[in-house]
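Dear colleague,

Please find below the structure that I am handing over to you. I would be grateful if you could look through it alongside the notes that come after it.

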Amino acid sequence: MSRMFERPSVWVATATLAALGAYGIVLGAFFVSDDFSHLAILGSRGAAGLWCGGGVFLRPLTSVSLAADHALWGLQPTFYHVHNVLLHALCSVLVGLLVH
């Protein structure tokens, strides 16, 4: 393995740039697909609605993330996308550290 990747700051920078390169195009996109139904549930029943019969799938981390974004940003999709890109970068860093 390259000596360049021995420092955690390089892992973080590389993963963040890779995530932005791969997913950065969505930063200007609007909501899609099941986002609308989840946002409607959040608006009418709150975060608990996603956990109690709010959809076909129970996705706890996704539901918590969506509820937090909704509480912080309302209906501004750019911030939802920024949050998701940062989560992708974090997961990449964690996988890289696990492999290292």
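**Basis of the model**

This is a predicted model, in which local features need pLDDT of at least 70 and side-chain atom pairs count only at pLDDT 80 or more, while totals for chains, interfaces and linings use all residues. Residues are numbered from 1 along each chain as its sequence is written, and side-chain values use heavy atoms, with hydrogens and water left out.

**The chain as a whole**

The mean pLDDT (the predictor's confidence in each residue, from 0 to 100) of the protein chain is 80. A value of 70 or more is reached by 88% of its residues. Confidence is highest in helix H4 (residues 60–73), with a mean of 87, and lowest in helix H3 (residues 48–51), with a mean of 74.

The protein chain holds five helices and zero strands; helices (H or I, at least four residues) and strands (E, at least two) are DSSP runs, numbered from the N terminus. The order of elements from the N terminus is therefore written α-α-α-α-α.

Of the 100 residues in the protein chain, 24% are buried. Here buried means under 20% relative accessible area, exposed means over 50%, and partly exposed lies in between (1.4 Å probe, protein chains only). The accessible surface of the protein chain is about 6,700 Å², and carbon and sulfur atoms account for 72% of this surface. These areas come from the Shrake-Rupley method with a 1.4 Å probe, and for residues only the protein chains shown count as cover. Among contacts (heavy atoms within 4.5 Å) with a separation of 6 or more, 54% are made by residues 24 or more positions apart.

Helix H2 covers residues 35–45 and includes His38. Which residues of H2 are buried? They are His38, Leu39, Ile41 and Leu42. Seen down the axis of H2, these buried residues fall within an arc of 155 degrees, so they line one face of the helix; the arc is that of the directions from the helix axis to the C-beta atoms. Gly43 and Ser44, on the other side of H2, are exposed.

The buried residues of H2 pack against H3, H4 and helix H5 (77–99). His38 has a relative accessible area of 12% and is buried. Neighbours within four places in sequence aside, His38 is in contact with Leu50, Arg59 and Leu66.

Where H2 and H4 pack together, the angle is about 65 degrees and the axes are 11 Å apart. Axes are lines fitted to C-alpha atoms, for helices over the stretch in contact, and angles run from 0 to 180 degrees between N-to-C directions. The crossing of H2 and H4 is right-handed; a crossing has that name if the near helix is turned clockwise from the far one by less than a right angle, and is left-handed if anticlockwise. His38, Leu39, Leu42 and Gly43 in H2 meet Leu66, Ala67 and His70 in H4.

Two backbone features may also be noted. Just after H2, Gly46 has a positive phi of about 80 degrees. Ser33, in the loop between helix H1 (8–23) and H2, has a phi near 50 degrees, a positive value in a residue other than glycine. Ser33 is exposed, with a relative accessible area of 64%.

Ser65 is in helix H4 and is buried, its relative accessible area being 15%. Not counting residues up to four places away in sequence, Ser65 touches His83, Asn84 and Leu87.

Thr62 also lies in helix H4, and counts as partly exposed at 45% relative accessibility. Thr62 and Leu50 are 12 residues apart along the chain, and their C-alpha atoms are separated by 9.8 Å.

Leu90 lies in helix H5 and is partly exposed, with a relative accessible area of 46%. Leu90 and Val12 are 78 residues apart in sequence, and 7.8 Å apart in space from C-alpha to C-alpha.

With kind regards
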